[in-house]
Amino acid sequence: MVSRVIPVEPFDLVIFGGTGDLARRKILPGLYRRFVDGQMPAEARIIAAARSENTDAAFRDTVRAAISEFVTPEKQDATCIAAFLERLSYVRVDATGSDGWQTLADKMRKDVIRAYYFSVGPGLFGDLARRLHRHGIAGTRCRIVVEKPFGHDLESARDLNVTLAEHFDEQQIYRIDHYLGKETVQNLMAVRFGNMLFEPLWNARNVDHIQITVAETVGVGGRGGYYDKAGAMRDMVQNHMMQLLCLIAMEPPYAFEPDAVRDEKLKVIRALDHVEPEQIVRGQYLSDEDGPGYLEDVENPDSRTESFIAMKLNVSNWRWKGTPFYIRTGKRLRARTSEIAIVFKDPPHSIFGDQESHKSNVLVIRLQPNEGINLKVTIKEPGPGGMRLIEVPLDMSFKEALGPGADDIPDAYERLIMDVIRGNQTLFMRGDEVEAAWGWADPVIAGWEEGGDRPIPYDAGSSGPEDALMLMHRDGRRWREVKA
Ligand code: NAD
């Protein structure tokens, strides 16, 4: 695979929370990979800003360790690492006070793009926005990158949008949803709008239903405090899964441009029906030999927060009326896998008689592991013995199709950060989109809260509560297996 890397303009990137977990695991190793690939111009600089006392040298040592842990060995080159670390510096800054801001302001150059990555807890987003202005280091050429969670409900998301809008134009605000940076997610748009094959079939006349699964094998781990206030609905559905659903369901945008794409996604969210409690199954994982159960993990024996959710959604518009979207996500499940399956209807009439082997065509878009696209088609079983039909996959694993180099697909974070520098908001959420998603999620959450519903316990290592299977069975459908 030939990689075409176009260097971006010179920039100063400030990572607030530059010593945190996300910066260490994703942002800084990702930036290093972009550097190795030649995408970072010589004048690019990265400044970590965080609360603790630290020196440039000590900070660079932690980044060196992060590179050795999170970057593949082939990309680890001592000369490259040294050259990359030279661009890094550290400033102690208090997001809630005045400490460090002048030092940071003195470091910022005027003639380059300024990007501020808010990789801190959401309670600090407003503080940072205000102080960037107060200290005169915002300006029209700057951008801010805002991490998730963007609000806890519609009201808090609106408040945050208002606070950010006091200091920045919408064109300067990059609300990150790293699912949108995944290669296959963008491929979903390429498959839909770059081929003649699929789009004519992409509607309720031809599609029986759609399944979206995001399964994790890990529990809530050390994030119990945060997670128990959020749950799968707020942590996964309102943002990541909603974005996936939008990309599947949206109308063709007039161009692959930020507002064209985001306008179409917004229309999908607005077309989503309210979900009644009987179309929702929520669960909590039980303990097993590999770890404690959800209630122990969050240290809250009375918790009613879900670590698993399955729902049946309806998009009420001309294209999708009558084709349900089943979505499910959960922790401590059988396998770590994310996929979207478009299950087509059966042919209207079988010329081969009543063959059991008539399987529906299924287009599967695998997000992880082994990103790729797979289309199941029916063919004749080779050999004598009459017309027996079998189902075979037309499989396109990126690794196989694109050969060596396919492993080199940039991680979602590094791609998105480079888009920030390029000033391309296509893969970021607009303020109204986030509010619309909360506007849909709030009443659904209120529905189960008012009903006093308790999540159903499920076995760790399973595919979730039995009731989730029933959600499909009663419609005469089946979930695809949760398997790696
Ligand atoms: P973390 O707790 O590991 O790090 C927080 C960082 O913020 C530290 O560098 C700390 O020094 C800094 N900080 C805290 N208070 C500060 C203050 N008053 N002034 C200046 N700096 C301060 O958090 P994290 O896991 O890196 O997450 C950061 C953000 O990214 C959060 O909004 C989180 O929800 C989001 N996020 C994290 C992950 C992940 O995998 N860690 C994934 C998705 C989103």
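Guide: Here is the chain first, then its cysteines. This is a predicted model, where local features need pLDDT of at least 70, side-chain atom pairs count only at pLDDT 80 or more, and totals for chains, interfaces and linings use all residues. Residues are numbered from 1 along each chain as its sequence is written, and side-chain values use heavy atoms, with hydrogens and water left out.

The protein chain holds 14 helices and 15 strands. These are DSSP runs, with helices (H or I) of at least four residues and strands (E) of at least two, numbered from the N terminus. The C-alpha atoms fill a box of roughly 80 × 55 × 50 Å along the principal axes. Of the 484 residues, 53% count as buried. Buried means under 20% relative accessible area, exposed over 50%, and partly exposed in between, with a 1.4 Å probe and protein chains only.

Now the cysteines. Cys142 counts as buried because its relative accessibility is 1%. Cys80 has 23%, so Cys80 counts as partly exposed. How many disulfides are there? A disulfide is a covalent bond between the sulfur atoms of two cysteines. The rule here asks for a pair of cysteine sulfur atoms within 2.5 Å. By that rule the count is 0 disulfides.
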